[in-house]
Amino acid sequence: MLVLSRQRDEAIMIGDQIEITVVDIRSDKVRLGISAPRAVQVHRKEIFDSIQHENVEASHVKIVDLQEADDHLRRLYPRLDQDKAQQRS
């Protein structure tokens with residue numbers, strides 16, 4: 001881990017597109033400004049961890065869940081069953 005010291009209004013660069021500036025320092029809190037391209041996602045660590053956890057949970061799909069979703073969609077859109085039957089013929 002690289003550790004740097006910065007004062008208010010000083011910045012560091014990550015690569016040539018990401019700039020992190022110390023905006024304010026108050027007691028035990030440091031406010032940072034981050035300038036990065038839109039394609040780069042910037043999150044607080046706890047938010048990033050939460051997103052990662054949710055993604056892992058969402059990736060655990062059971063076959064039963066898929067079958068129930070298929071049944072539900074077929075009830076909502078009965079034409080799907082008809083089209084599928086016609087394709088088999």
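Which side chain does a polar contact of 2.8 Å join to that of aspartate 24? Select arginine 26: the side chains of these two residues make the pair (a polar contact is two N or O atoms within 3.5 Å, one able to donate a hydrogen and the other to accept it; residues adjacent in sequence count only through side-chain atoms of both).

Before moving on: this is a predicted model, where local features need pLDDT of at least 70 and side-chain atom pairs pLDDT 80 or more, while totals for chains, interfaces and linings use all residues. Residues are numbered from 1 along each chain as its sequence is written, and side-chain values use heavy atoms, without hydrogens or water.

Stay on aspartate 24, in strand S2 (strands are DSSP E runs of at least two residues, numbered from the N terminus). Aspartate 24 counts as buried because its relative accessibility is 12% (buried is under 20%, exposed over 50%, partly exposed in between, with a 1.4 Å probe and protein chains only). Now show Arg8, Lys29, Val30 and Arg31: aspartate 24 is in contact with these, leaving aside neighbours within four places in sequence (contact means heavy atoms within 4.5 Å).

Next, pick serine 27 in the loop between S2 and S3. Its phi is positive, about 40°, though serine 27 is not a glycine. Most residues other than glycine have a negative phi. At 79% relative accessibility, serine 27 is exposed.

Last stop: aspartate 9, in the segment before S1. Here too phi is positive, near 70°, and aspartate 9 counts as exposed because its relative accessibility is 62%.

Terms used: Helices (H or I, at least four residues) and strands (E, at least two) are DSSP runs, numbered from the N terminus.
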